[in-house]
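The sequence and the model are shown first, and the description follows.

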Amino acid sequence: MKRTLIAVLTAVALSATTMAFAQDAPKANAKDECLLVSKGCMNEVDSIQQKLKKINTEIKKGKKVYSAEELKKLEQKLKEANEILDSLSKPGR
Amino acid sequence: MKKSSVLAAVLTLGIAAAATSACAFENEFHGMFSARYINSNFNGTSTTSFSDGAKYGGDGFYMPEGKPKNVFSSNFIEQRARLQYIAKANADLKLVTHFELDYTYWGNSSFGFNSAPGVSSGSGRNGGGAIGADTVNFETKSVYLDANVAKGVNMKLGMQPYNDSFKGILFDADMAGIAFSSSYKNFTPSIAYFRFNDSGVAQDRVLGHLTNDLFLLDGKYAVSKDLKVGAAYYLFRNNAVTTNSNLLNDVAKQDVKMSTFGLNAEYTSGPLTLNGFGVLQAGTVNARSTTAWALNAGAKYKVGPGTARTEFLYVSGDNKTTGHSNAFYSVFNHIGLNEHGYYDNEMAILGRDKNAYTTDNSIIPSAGNNAQGQIGGYIGYDLPINAKLTTAFNAGFAAVAKENANKPINTKTGGANKSNYLGTEINAEATYQLLDGLTVGTRAAYVMLGDYYKDVALNGTPENPYDFKLIFKYTF
């Protein structure tokens with residue numbers, strides 16, 4: 001019984017790890033966990049333009065994929081990304 | 001056997017958990033590189049405050065008085081890179097760092113020595129653009145912690161970029177402090193404290209009481225989807241050994257207690273967006289009681305293939321050196337350079353140029369405009385040609401609000417001109433996207449000087465200023 005439990009726990013743990021790595025490429029109807037909660041960002045090296053494009057793509061998925069709260073978070077991410085772009089281009093001395 | 005199995009399972013779970021948390025840490029790198037060719041009889045010439053010994057291509061001002069009316073045009077290239085690294089532990093906690101490496105102009109200095117003998121040292125920021133390079137010129141712009149410390153409450157702690165809610169006429173700079181913001185349904189309040197300067201070491205070797213500080217409260221409320229209103233209170237307390245550059249008779253040791261109240265609003269209706277603000281200041285500036293104000297209105301209207309824009313700004317001025325003052329108070333650093341800027345008018349010479357880097361001169365460089373104030377009307381049109389090419393066209397008309405002793409002297413009459421009209425600017429720009437992230441753009445600007453400047457040059461009226469820039473810019 002214990003051995004079965006150990007095997008099940010190990011399998012669950014391993015599959016969780018695998019899932020985290022697999023989230024780099026979100027599917028059409030899947031959530032982008034890296035954008036949303038900074039999970040599974042292992043291979044993320046987006047330029048600011050790519051980041052803006054990704055967020056806009058995810059926002060367009062709308063309520064079919066994201067809850068209202070999650071969409072609000074994505075809107076906030078969009079605001080932050082635009083602020084990064086503005087700070088890089090900010091004029092002056 | 002059973003024990004080892006349990007141990008193995010615990011270890012496996014531990015490794016899995018560690019792997020998952022490692023994935024949760026996000027490293028973000030962003031940056032910008034720009035090089036621009038500048039041809040001008042304004043920037044990088046003696047008609048601005050680019051005097052002997054100046055390290056940069058001018059320190060902000062247009063100063064044609066007492067100089068030859070014709071000057072050689074400048075030809076130079078300015079270069080800047082910015083690097084930003086953000087260490088994000090999770091969605092609620094990140095460290096933001098932002099650095100800058102730039103050359104005021106190619107050929108300025110190397111190995112810490114200026115190319116022009118006997119001029120400034122050439123070491124430090126913006127140096128190293130001459131052959132051989134090898135100059136320490138790494139600048140830290142901002143380093144701060146950005147954390148959601150409670151549900152709906154964000155805290156920014158450290159050296160951070162911060163700007164006012166009034167189109168930058170009061171402050172817009174990197175500053176050290178702590179800022180909280182929140183969001184309750186349609187209401188967004190902010191509270192913050194910043195320390196601009198601490199000059200205690202200059203006087204009595206005690207830190208914390210000869211300081212230049214800002215305390216602020218700010219609130220924005222979305223009345224509906226189309227109407228947003230806001231209010232702000234800023235308390236400027238400057239007790240530092242520094243300059244403020246807002247008065248005619250500036251002093252070395254400041255004593256400023258200035259309360260600033262402001263209201264702003266934005267309304268959108270179909271293709272039309274209206275916005276504006278009103279700011280009222282009351283307090284004392286270096287023992288002078290002060291009441292000052294600023295008014296702004298702006299509009300954008302989608303018409304034809306593009307968007308038409310208009311802006312109006314009035315800032316009060318003062319003409320005395322004693323008694324009650326109407327000079328507008330905005331933020332300067334301790335070397336007298338303005339740490340604020342009004343860019344919505346899209347001017348390149350009349351107002352601060354959105355494309356200016358270290359060489360950053362304008363006819364109206366600050367909101368208070370040497371205590372003269374300002375009255376300006378501006379119009380423009382943004383015209384996108386296709387997905388890669390955008391253009392814009394602008395015109396501006398500006399005068400000082402109040403004549404004072406900062407007005408230049410007419411060399412023929414020996415007195416100041418009657419006219420307060422500074423000039424009319426026209427400018428045009430085009431930006432083309434060469435590659436993903438890389439643009440090449442150009443902006444040309446020309447100002448027909450007003451009679452404020454009539455015969456103020458050594459041998460007549462200064463030549464009308466122009467400025468041309470060709471800009472390559474890569475952001476990632």
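## Contacts around Val315(B)

Two residues are in contact if their C-beta atoms, placed from the backbone, lie within 7 Å. The structure is a predicted model. In this model, leaving out residues up to four places away in sequence, Val315(B) touches Ile169(B), Ala294(B), Phe328(B), Ala367(B), Gly368(B), Asn369(B), Gly373(B), Gln374(B) and Ala401(B).

Val315(B) also belongs to the largest nonpolar core, which has 54 residues. It is listed among the residues with the most contacts inside that core, together with Ile169(B), Phe328(B), Tyr329(B), Ile349(B) and Leu350(B). A second, separate core has 7 residues, including Cys34(A), Ile48(A), Leu74(A) and Ala81(A).

## Confidence of the prediction

The model scores ipTM 0.84 and pTM 0.87. Chain B has a mean pLDDT of 91, and 92% of its residues reach 70 or more. Over residues 10–22 of chain B, however, the pLDDT is below 50. Beyond near neighbours in sequence, this stretch has 12 contacts in the model.

## Chain A

Chain A contains 4 helices and 0 strands. Its pattern along the sequence is α-α-α-α.

Of the 93 residues in chain A, 19% are buried. Among contacts in chain A with a separation of 6 or more, 33% join residues 24 or more positions apart.

## Paired strands in chain B

Strand E12 (residues 256–269) of chain B pairs with strand E13 (residues 272–285) of chain B in the antiparallel sense, over 14 bridges. Within this pairing, Thr260(B) has Gln281(B) in E13(B) as its bridge partner. The two strands E12(B) and E13(B) form a hairpin with 2 residues between them. In the turn, Gly270(B) has a positive phi of about 55 degrees.

E13(B) also pairs with strand E14 (residues 288–303) of chain B, in the antiparallel sense and over 14 bridges. Here the bridge partner of Asn275(B) is Gly298(B) in E14(B). The hairpin of E13(B) and E14(B) has 2 residues between the strands, and Asn286(B) takes a positive phi near 50 degrees in it. In general, the side chains of a regular strand alternate between the two faces of the sheet.

## The loop between E15 and E16

Asn369(B) is placed in the loop between strand E15 (306–315) and strand E16 (374–384) of chain B. It counts as buried because it has 25 C-beta neighbours inside 10 Å, and the cut-off for a buried residue is 20 or more. Apart from neighbours within four places in sequence, Asn369(B) is in contact with Val315(B), Ile364(B), Gln374(B) and Val400(B). The C-alpha atoms of Asn369(B) and Thr47(B) are separated by 17 Å, while the two residues are 322 residues apart along the chain.

Asn370(B) is also in the loop between E15 and E16 of chain B. Its phi is near 55 degrees, a positive value in a residue other than glycine. Asn370(B) has 22 other C-beta atoms within 10 Å and is therefore buried.

The phi of Lys185(B) is near 50 degrees, a positive value in a residue other than glycine.

Note on methods: Residues numbered from 1 in each chain as written. Chains lettered and ligands numbered in written order. Predicted model: local features only at pLDDT ≥ 70, side-chain atom pairs only at ≥ 80, totals over all residues. Buried ≥ 20, exposed ≤ 12 C-beta atoms within 10 Å, placed from the backbone. pLDDT = per-residue confidence, 0-100. Pairing = 2+ DSSP bridges. Core = buried A, V, L, I, M, F, W, Y, C linked by C-beta atoms within 7 Å.
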